[in-house]
Amino acid sequence: MSLSSWKLWCYRLAMRLMPETSFFPLKRFMLRWCGARVGKNVRICSSATFLGTGELILGADTWIGHYCLIIASSTITIGGKVDIAPRVYIGTGTHISNFDGERVAGPGINQDIVVGDGCWIGACATILPGVSIGQMSIIGAGTLVNKSLPERVTAVGVPAKILYQHPQK
């Protein structure tokens, strides 16, 4: 099911009236009303912003932190038990470069994003279109993820580089 832009507008208005870290069941209900698939016990801070008319799937027991910006013009899938810190940007839209036109940002394109189960996305991280992050991975604060990452890694930097591969249990 796709998100409804006018319902998301209503959602954003309602969030301005709610305390930042309470009324989680109401926030889940309202985001489902907007067209998102939201798992059980998802906790969303009131200042988190959702935009777009794509698909948004949030797995159970996920946390969406303060002032996150999530823009779904195609599909964003965030697994279960994911922790997203404040001011994280996740967006599926970009442009094809066009150096022959009047502007470099040529035709718009959309590419899906997947964040695997159990991930931890650090504050101010940016997840770009077409990226998949494997389950149980850590994305350091301020990291720019522009390429897909395997599971069980810690990645940091601009652009993201794998700092550590965590062993399986």
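**Reading burial and aromatic pairs**

Of the 169 residues of the chain, 43% count as buried (under 20% relative accessible area; exposed is over 50%, partly exposed in between, with a 1.4 Å probe and protein chains only). This is a predicted model, in which local features need pLDDT of at least 70, side-chain atom pairs count only at pLDDT 80 or more, and totals for chains, interfaces and linings use all residues. Residues are numbered from 1 along each chain as its sequence is written, and side-chain values use heavy atoms, with hydrogens and water left out.

Q: How is a pair of aromatic rings described, and how many aromatic pairs does a search of the whole structure find?

A: One gives the distance of the centres and the angle of the planes. Rings of Phe, Tyr and Trp (its six-membered ring) pair if their centres lie within 6.5 Å; planes under 30 degrees apart are stacked, over 60 edge-to-face and the rest tilted. Here the search finds 3 such pairs. In one of them, the centres of Trp6 and Trp33 are 5.8 Å apart with planes at 85°, so this pair is edge-to-face.

Q: Which helices hold Trp6 and Trp33?

A: Helices (H or I, at least four residues) and strands (E, at least two) are DSSP runs, numbered from the N terminus. Trp6 lies in helix H1 (residues 5–15) and Trp33 in helix H2 (residues 24–33), so their pair ties together parts 27 residues apart in sequence. Trp6 is exposed, at 53% relative accessible area, while Trp33 is partly exposed at 36%.

Q: What about the rings of Tyr11 and Phe50?

A: Their centres are 6.0 Å apart and their planes at 70°, so this pair is edge-to-face. Tyr11 in helix H1 and Phe50 in strand S3 (residues 49–51) are 39 residues apart, and their pair links distant parts of the chain. Both Tyr11 and Phe50 are buried.
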